[in-house]
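Q: Could you walk me through the sheets and helix contacts in this one?

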Amino acid sequence: MKRVYCLYRVSTKKQVDKNDRNENDIPMQKTACRDFARSQRDWTILKEFSEAGVSGYKVSAQDRDAIQELKEAAVNDEFDILLVFMFDRIGRIDDETPFVVEWFAKHGIEVWSTQEGQQRFDNHVDKLMNYLRFWQASGESEKTSIRIRNKMQQMALDGLYTGGPVRFGYRLVDSGLVNRKGVMIRKYEIDPVESEVLYMIDSMTLQKGYGSYRMADFLNKKGIRTNTGGKFTSIKINRILHDPFYCGRMEDGTTSEKLAALKLRSEETYGQILSLLEQRQSKNEEKRHIALQTKGQAMLSGNIFCAHCGGRLTTIRYRDRYLRADGTEYSVDQIKYCCYHKSRKLCKCDGQTTYQADRVDDAICRVIRKLFSCMDGAPEEERLRELFKRQMAGNRASQKKLELELAKNREQLSRLQMEIGKTLTGESLYSPEDLTQAIQTIRSRVNESETRLAELKEEEMLKKQGLDMVAPTYNQFKSWAEEFDTATLEQKKMIAGHLFSRIEVGRDYRITAELNMTYQQFCSEWSDGSFLVMGMSV
């Protein structure tokens with residue numbers, strides 16, 4: 001009696017359902033393998049292994065539990081035959097899977113397919129055919145993946161609906177096209193009502209500092225609902241704020257005429273939103289200079305620190321109450337900035353414990369007005385653009401160096417892959433194991449270089465976006481100068497948060513304010529630098 005172990009694999013978990021009748025789903029593989037085993041003399045299936053949602057092209061054999069269990073069973077002489085529906089169920093990696101199959105054969109295991117028979121290794125031709133089979137399977141998998149990805153991307157660029165939740169701010173309408181099954185394909189169209197809500201979300205996030213929880217609560221209390229009729233949540237708000245689709249482009253930056261027509265948010269607004277959200281993340285607590293929330297009555301919360309210990313100042317409400325000589329009670333509520341470290345004795349801080357918020361806020365307002373009063377001497381936009389262009393030069397130099405290294409590694413990887421055929425026919429100086437290890441090492445270097453190059457390209461793209469945002473940011477600065485005196489407290493909080501990266505308060509109300517780097521670039525061009533770090537006593 002020959003002991004048989006079976007291996008079944010599908011790339012997606014949807015193919016596990018018993019109602020499916022695709023030739024590659026698990027139920028069909030089981031039926032084919034069981035029928036094939038019954039047709040053979042003295043074959044008995046002892047165990048069956050199933051892998052659902054495992055890509056044979058993307059997942060290495062060493063990371064697949066079923067393959068590792070089968071190898072262990074082979075070493076322990078627990079079975080004689082490994083049976084699969086087709087050999088590509090074992091894997092589709094051209095420089096790995098052929099050696100996996102050969103490994104089983106070397107350990108006395110017959111490898112059979114219900115469709116292709118037994119894979120033998122009696123001579124060099126058998127080895128070469130084994131490699132060619134998996135090389136072809138790898139290519140087919142890659143081509144299929146590319147075709148599907150390109151098709152989905154093209155549909156998205158055409159403004160067509162490709163599945164999933166419909167983005168808020170849009171609605172679906174018939175496109176006039178049908179798919180291969182005769183089903184009508186739908187496309188995105190701007191929803192006039194929801195788009196106005198989107199503009200409000202952006203405005204209240206940037207101008208009034210609303211966080212995602214507060215924004216969701218505000219919309220729900222107004223009776224505004226999502227496009228599915230449900231209530232807004234902080235997760236929903238965050239998704240709306242992070243989505244580049246509203247800028248008329250995909251996540252990788254690609255755009256089209258159809259996507260541009262669906263644009264609801266400018267790149268300038270999107271950049272400001274991302275900057276705001278990044279600062280509010282807990283991991284960026286030390287770098288944050290934007291208030292976490294703007295509901296309080298103090299103007300500076302988020303970027304104000306103790307000048308003595310460096311700790312962040314928090315906002316507290318203090319009630320001063322005492323009896324006058326005539327027996328009447330004096331009572332006043334005050335908002336104060338409190339040194340968190342000193343109040344909790346976390347360090348030896350020699351500064352004051354509290355500072356009156358109105359005195360500090362008034363001083364900063366005077367500085368802001370003085371800063372805005374100098375707008376008449378502002379430089380031309382072109383001079384500001386030159387600053388960004390100089391910053392991009394270093395990035396391009398790093399990219400060029402990395403591209404040269406990547407080209408060398410890719411060439412070496414190509415030479416090693418060409419050596420596979422010689423290894424199978426015994427003409428190579430490498431053993432299959434050594435060649436596989438060398439390929440994995442070089443491929444790892446290539447992947448690392450590609451990742452780093454992608455990071456540099458993304459950084460370059462962001463710098464280019466920054467270059468495009470010079471004029472809008474400059475205009476924003478001038479707009480603040482015109483509107484500051486009539487702005488609400490919430491708006492003043494956001495303006496101060498954007499302008500100053502750090503404000504420090506010390507004993508006797510000695511205040512030092514440092515301009516945000518973005519606006520330092522503006523101010524340094526039309527001042528003697530005195531605005532970059534400003535000190536005063538109030």
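This is a predicted model: local features need pLDDT of at least 70, side-chain atom pairs count only at pLDDT 80 or more; totals for chains, interfaces and linings use all residues.

Q: What is the strand order in the open sheet of 5 strands, and what is the pairing?

A: The order is E2-E1-E3-E4-E5, and the pairing in this open sheet is mixed. Strand E2 (43–52) and strand E5 (117–119) are the edge strands, each of them pairing on one side only, and from one strand to the next the twist averages 25 degrees.

Q: Which other helix packs on the sheet, and which strands is it touching?

A: That is helix H1 (residues 26–39), which touches E1, E2, strand E3 (81–84) and strand E4 (110–113), and whose direction makes about 165 degrees with that of E2.

Q: Back to E1 and E2, how many bridges join them?

A: Strand E1 (residues 2–10) is joined to E2 by 9 bridges, and the two strands run parallel. Within this pairing, Tyr5 has Lys47 in E2 as its bridge partner.

Q: And aromatic pairs, how many does a search of the whole structure find?

A: The search finds 14 aromatic pairs. One that involves Tyr5 is its pair with Phe49, where the ring centres are 5.8 Å apart and the planes stand at 50 degrees, so the pair is tilted. Because Tyr5 lies in strand E1 and Phe49 in strand E2, this pair ties together parts that are 44 residues apart in sequence.

Q: Changing topic to helix pairs: at what angle do the axes of H11 and H15 cross?

A: The axes of helix H11 (residues 357–372) and helix H15 (residues 489–499) cross at roughly 70 degrees and come within 12 Å, which means that H11 is roughly perpendicular to H15. The crossing in which H11 passes H15 is left-handed.

Q: Which residues make that contact?

A: On H11 they are Ile368, Leu371 and Phe372, and on H15 they are Ile495, Ala496 and Leu499. Sorted by class, the contact of H11 with H15 has 6 nonpolar residues, with no polar and no charged ones.

Q: Then H5 and H6, is their crossing right-handed or left-handed?

A: The crossing of H5 and H6 is right-handed. The axes of helix H5 (residues 192–207) and helix H6 (residues 212–221) come within 11 Å and cross at roughly 140 degrees, and H5 and H6 are therefore oblique to each other.

Q: Which residues meet there?

A: Val197, Met200, Ile201 and Met204 in H5 meet Met215, Phe218 and Leu219 in H6. The contact of H5 with H6 divides into 7 nonpolar residues, no polar and no charged.

Q: One more sheet, then: in what order do E9, E10 and E11 come?

A: The 3 strands form an open sheet in the order E9-E10-E11, with antiparallel pairing. Strand E9 (313–323) and strand E11 (354–356) stand at the edges with a single partner strand each, so one side of each is left without a neighbour in the sheet. The twist here averages 40 degrees from one strand to the next.

Q: Over how many bridges do E10 and E11 pair, and which residue in E11 does Tyr337 stand opposite?

A: Strand E10 (residues 329–339) pairs with E11 over 3 bridges in the antiparallel sense, and Tyr337 stands opposite Tyr355 in E11.

Technical notes: Residues are numbered from 1 along each chain as its sequence is written. Side-chain values use heavy atoms; hydrogens and water are left out. Two strands pair if DSSP finds at least two bridges between them. Helices (H or I, at least four residues) and strands (E, at least two) are DSSP runs, numbered from the N terminus. Axes are lines fitted to C-alpha atoms, for helices over the stretch in contact, and angles run from 0 to 180 degrees between N-to-C directions. Contact means heavy atoms within 4.5 Å. Angles under 35 degrees count as roughly parallel, over 145 as roughly antiparallel, 65 to 115 as roughly perpendicular and the rest as oblique. A crossing is left-handed if the near helix is turned anticlockwise from the far one by less than a right angle, and right-handed if clockwise. Ala, Val, Leu, Ile, Met, Phe, Trp, Tyr, Cys and Pro count as nonpolar, Asp, Glu, Lys and Arg as charged, and the others, Gly among them, as polar. Rings of Phe, Tyr and Trp (its six-membered ring) pair if their centres lie within 6.5 Å; planes under 30 degrees apart count as stacked, over 60 as edge-to-face and the rest as tilted.
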